[in-house]
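Have the sequence and the 3D view ready as we go.

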Amino acid sequence: MRYEFYYWPNIQGRGEFVRLALEAARAEYIDVARGDEAKGQGVPALLAIMNGDGIEQPPYAPPFLKAGKRIVAQTSNILLYLGPRLDLAPASGKARQFVHQLQLTMMDLVKDVHDTHHPISSTLYYEEQKDAARLAAAKFIEVRLPKYLGYFEKVLQRNPASGKWLVGTSCTYADLSLFQIVEGLRYAFPNAMAREEANYPRIASLAAKVRTRKSIAAYLASPRRIAFNEMGVFRRYSELDS
Ligand SMILES: N[C@@H](CCC(=O)N[C@@H](CS)C(=O)NCC(=O)O)C(=O)O
C-alpha cells in the first residue's frame with residue numbers, strides 16, 4: 001500500500017504523530033501537501049479533499065490519510081487504522097483498545113499545549129491573547145503537565161510485561177507519540193522540563209529508546225523532519241516558560 005498523507009507542509013503539528021508511525025515502519029507514503037503543485041500535489045491537493053468535492057466521507061481538518069479509496073481523518077483514528085497494518089499495535093483487542101485510549105489522552109494533552117498559546121481562540125493571533133496565554137501556560141506547567149506526565153509514568157510502571165513500553169513488550173504508535181510529546185515539551189518549555197523531567201525516568205528512557213531506533217534516527221536526521229517552529233502546536237515563547 002502506498003499511502004497518501006495530508007498535512008500542513010511547514011509544521012510538525014498533529015501530523016507528526018502520523019509521520020512518525022509511517023517512518024518507524026518505513027511505510028511507503030507521499031507527504032502530499034509538501035509535494036509539487038505542478039504534479040497535482042501541494043496545499044491545493046489538501047484543500048481539494050478538505051472541501052469535500054465529490055468525496056463521500058470528507059474529513060473536517062488535517063491530518064488525514066488516503067489509503068486506496070479510503071480517507072481516514074482524526075489523528076488517533078488514523079493511528080488506530082495504521083497501527084495493525086504497520087505492526088505498531090498489539091494483537092489482542094484489549095491491549096489495542098488501551099493503546100487507542102492512551103493516544104486519545106495524548107491528543108488531549110496536545111490540545112492543552114495548544115491552549116497555552118491560544119487560550120481564547122485559534123482564530124486570534126498569539127499577540128492578541130498574550131495575557132491569557134501567560135495564565136494558561138502557568139497553570140499548564142503547574143498542574144496539567146505533572147498530571148499528564150505522572151499518568152504516563154504510572155502506565156509505564158504498571159505495565160506487567162516490561163515497564164519499558166506503554167503496552168505489552170514492543171513499541172506501539174503510542175510510544176512514538178509519547179516520544180514526540182517529550183520532544184515538543186522540551187522545545188516549548190525548556191525551563192519547566194529541565195525542572196520536571198527527573199520525576200519521570202521511565203518516560204525519559206522510553207523517549208531515548210524511540211529516538212535511537214534505526215528508522216526514527218534516520219528520519220530525524222533527514223529533511224523530511226520539519227524543525228519545531230512558532231507556527232506549530234509546540235511553540236517556544238520564553239514568557240510562557242516559567
Ligand atoms: N482532533 C483533530 C484536530 C485536527 C486539527 O485541529 N487540525 C488543525 C491542524 S493541527 C487544523 O488544521 N484545523 C483546522 C480547523 O480546525 O479549522 C485531530 O486530532 O486530528
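Ala, Val, Leu, Ile, Met, Phe, Trp, Tyr, Cys and Pro count here as nonpolar, Asp, Glu, Lys and Arg as charged, and the others, Gly among them, as polar. By that scheme, the lining of the second largest pocket has five nonpolar, two polar and six charged residues. This is a predicted model, in which local features need pLDDT of at least 70 and side-chain atom pairs count only at pLDDT 80 or more, while totals for chains, interfaces and linings use all residues. Residues are numbered from 1 along each chain as its sequence is written, and side-chain values use heavy atoms, with hydrogens and water left out.

A word on how the spaces were found: on a 1 Å grid over the protein atoms alone, a cavity is a set of points where a 1.4 Å probe fits but cannot get out, and a pocket is an open set with protein on both sides within 12 Å along at least five of seven lines; lining residues have an atom within 4 Å of a point. Grid points are joined across faces, edges and corners, and a volume is the space filled by probe spheres set on the points. The second largest pocket holds about 170 Å³, and Glu23, Tyr29, Asp31, Arg34 and Arg224 lie nearest its centre among 13 lining residues. Helices (H or I, at least four residues) and strands (E, at least two) are DSSP runs, numbered from the N terminus.

The largest pocket contains about 860 Å³ of space. Its lining counts 25 residues, and the closest to its centre are Tyr7, Arg14, Ala61, Pro62 and His114. H4 gives the most to this lining, with five residues. By class, the lining of the largest pocket has 13 nonpolar, nine polar and three charged residues.

Now for the interior. Buried means under 20% relative accessible area, exposed over 50%, and partly exposed in between (1.4 Å probe, protein chains only). A nonpolar core is a set of buried Ala, Val, Leu, Ile, Met, Phe, Trp, Tyr and Cys residues joined through side-chain atoms within 4.5 Å. The largest such core has 66 residues, and Tyr3, Leu22, Leu82, Leu166, Leu176 and Leu185 have the most contacts inside it. H6 provides the largest share of this core, ten residues. Contact means heavy atoms within 4.5 Å; leaving aside neighbours within four places in sequence, leucine 185 is in contact with residues including Val113, Phe140 and Phe234.

Which residues of helix H8 (residues 201-211) are buried? They are Ile203, Leu206, Ala207 and Val210. Seen down the axis of H8, these buried residues fall within an arc of 100° (taken from the directions from the helix axis to the C-beta atoms), so they line one face of the helix. They pack against H5 (130-158), H6 (173-188) and H9 (214-220).

Finally, look at alanine 67 in strand S3. Alanine 67 counts as buried because its relative accessibility is 5%. Not counting residues up to four places away in sequence, alanine 67 touches Met1, Tyr3 and Tyr81. Tyr81 is itself one of the buried residues of helix H3 (residues 75-85).
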